[in-house]
Number of protein chains: 2
Amino acid sequence: MGYTYEYPHPAVTVDVIVFTVAEEARLEVLLIRRAQYPFEGMWAMPGGFVGIDESLKRAAWRELKEETGVRAASLQQLGAFGHPDRDPRERIITVVYYSAIPYGELRFRADSDAADAALFDVAALPRLAADHNMIIGRAVERLRQQGADLSFALRFLPGTFTMAEYRSAAVCVLGRPLDKRNFGRKVRHGGWIEATGEHRNSAGHRPAALYR
Amino acid sequence: MGYTYEYPHPAVTVDVIVFTVAEEARLEVLLIRRAQYPFEGMWAMPGGFVGIDESLKRAAWRELKEETGVRAASLQQLGAFGHPDRDPRERIITVVYYSAIPYGELRFRADSDAADAALFDVAALPRLAADHNMIIGRAVERLRQQGADLSFALRFLPGTFTMAEYRSAAVCVLGRPLDKRNFGRKVRHGGWIEATGEHRNSAGHRPAALYR
C-alpha cells in the first residue's frame, strides 16, 4: 500500500484567502476553524491537498467550496510558501490564492473538516494556524499594491453602487484615506464606471446617484 | 529503497529567470540547454528539484548557481505553475523566481546538467522545454507592471550610469518609449538617484553626467 518514490517528495496544498469589504469599510477575510490535527481548534485559511491530477487553481476552488460553500468567481495566485518547518506532519508546500467577493454576495457555512467559519477584520486577526498570519499579511500588501489602480476596488462592489460606496471600498483596499473630490474626478475620467441614471434614497440624505 | 506515502505526492522544482538589459536596449533572459531527458537538447530556464529540507528560495539560488555559475543577489517569486501534464515524468509543480542583473555584472557558464548557457532576447525566444515560453511571458508581464515604478529599472544598472542609460533600461523594462524630457524630470524629482558630480566622455558626444 502506498506510493513510493526514489527521492522524498513534499506534499502540496492550496489555501484560499477570501477578502471582502464589510460594513464600516473594514477589510475582512473568511477563515475556518480547524477540526483536525494539526492546529486543531485554531483559525486558518480554508485549504487542503492538491489532487495528483488536479490543477492548482481547480484545487483551490474545490477546497474553498468544500470547506465554506463559497464558489469563487475568480481566484488569483499570491504565491507558494514552503518553509521546511511550517507544518508538523511533513514537508508541505502551499500555493495560496485570493479572491475579492462583494460583501452582499458572500454566503458561507462551515463544512467538510471545518468546525466553524467566520469573517475576521484583517487588522485584528487572532493567532492563526502555521504561518497563516504571515501569508495573509503578504496578501494584504498585494491588495494594497493592486488597489493603486482604483478600478481594482470595483471587485468588492455589487452591480450598482453609489460613489460613496465605491470610495469606501477603495479606501479599505488601499488602507489610507482618499480625498472625496479627487477620487470622484479620477474615477469619472477613468472610464471604467458609468451612471445608471437611477438614484437611491436613504433616510436623512439626498438621493445618491447609482453607478455600474 | 525509496520513500513511501499514503497518498501520491507531486514533485516540486524551482526554475529561475535571470533578466538583463543588453546592449541596444534588449530585454534578455539567461537560458540553459538541457543535456538530459526530458526535453533533451531544448533550451529551458535553469532549475531543478527542491531538497526536502530546503526552502524554495534557497533551492532557486542553488540551482541557478549550479547550472550557470550565477549567484543572484536577489530573487523574487513569480508564482507556482502546476498544470498536471506539464512534464512527462510525473506530476511536477514548479515555483518560479526571477532576478534582474546588470549586464556588465552577469558572468555565466554552463555547468551541472546544462549542456550550454546563453542569453536570449525575450522577443525572439525559440520553442522552450515544457511550458517555459508561457512562464517567461508571464514574468515579462510582471516586469512591465513593476516597471511602472521607474525606480525598478535601476536594478539593471551598475553603480553609476548616465541618464541615457537609465532611460534605455526603463524603456526596455516597460516595453514602450519614454519621453526624454518627462523621464528626466520624473526621476530627478523621484529622489532615488543623485548626481555623482562626475562625467563620462564618449567619442563624438558631449560628456554625460553620471548618477548613482
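Residues are numbered from 1 along each chain as its sequence is written, and chains are lettered from A, with ligands numbered from 1, in the order in which they are written. Because the model is predicted, local features need pLDDT of at least 70 and side-chain atom pairs count only at pLDDT 80 or more, whereas totals for chains, interfaces and linings use all residues; side-chain values use heavy atoms, with hydrogens and water left out.

Helices (H or I, at least four residues) and strands (E, at least two) are DSSP runs, numbered from the N terminus. Two strands are taken to pair if DSSP finds at least two bridges between them. In chain A, three strands form an open sheet in the order β9-β11-β10, with antiparallel pairing. The edges are taken by β9 (161–162) and β10 (195–200) of chain A, each with a single partner strand, so one side of each has no neighbour in the sheet. Strand β10(A) runs antiparallel to β11 (residues 208–211) of chain A and is joined to that strand by three bridges. Within this part of the sheet, A:A195 is placed opposite A:Y211 of β11(A).

In chain B, an open sheet of three strands has the order β9-β11-β10, again with antiparallel pairing. Here β9 (161–162) and β10 (195–200) of chain B stand at the edges; each has a single partner strand, so one side of each is left without a neighbour in the sheet. Two bridges link β9(B) to β11 (residues 208–211) of chain B in the antiparallel sense. B:F161 faces B:Y211 of β11(B), the two residues standing opposite each other.

Helix packing was examined in chain A. Helix α2 (residues 132–147) and helix α3 (residues 163–174) of chain A pack at an angle of about 130 degrees, with their axes 7 Å apart. Axes are lines fitted to C-alpha atoms, for helices over the stretch in contact, and angles run from 0 to 180 degrees between N-to-C directions. The angle makes α2(A) oblique to α3(A), a class that holds whatever is not roughly parallel (under 35 degrees), roughly antiparallel (over 145) or roughly perpendicular (65 to 115). The contact (heavy atoms within 4.5 Å) is made by A:L143, A:R144 and A:G147 of α2(A) and by A:C172, A:V173 and A:L174 of α3(A).

Most residues other than glycine have a negative phi, and most peptide bonds are trans. The bond from A:Y37 to A:P38 is cis, with omega near -10 degrees, and A:P38 is placed in the loop between β3 (26–34) and β4 (43–44) of chain A. In chain B, a cis peptide bond joins B:Y37 and B:P38, with omega about -10 degrees; B:P38 lies in the loop between β3 (26–34) and β4 (43–44) of chain B.

A:A25, which is not a glycine, has a positive phi of about 55 degrees. This residue is in the loop between β2 (11–22) and β3 of chain A. A:A25 is partly exposed, at a relative accessible area of 31%; buried means under 20%, exposed over 50% and partly exposed in between (1.4 Å probe, protein chains only). A:A130 has a positive phi near 45 degrees and is located in the loop between β8 (114–121) and α2 of chain A. With a relative accessible area of 18%, A:A130 is buried.
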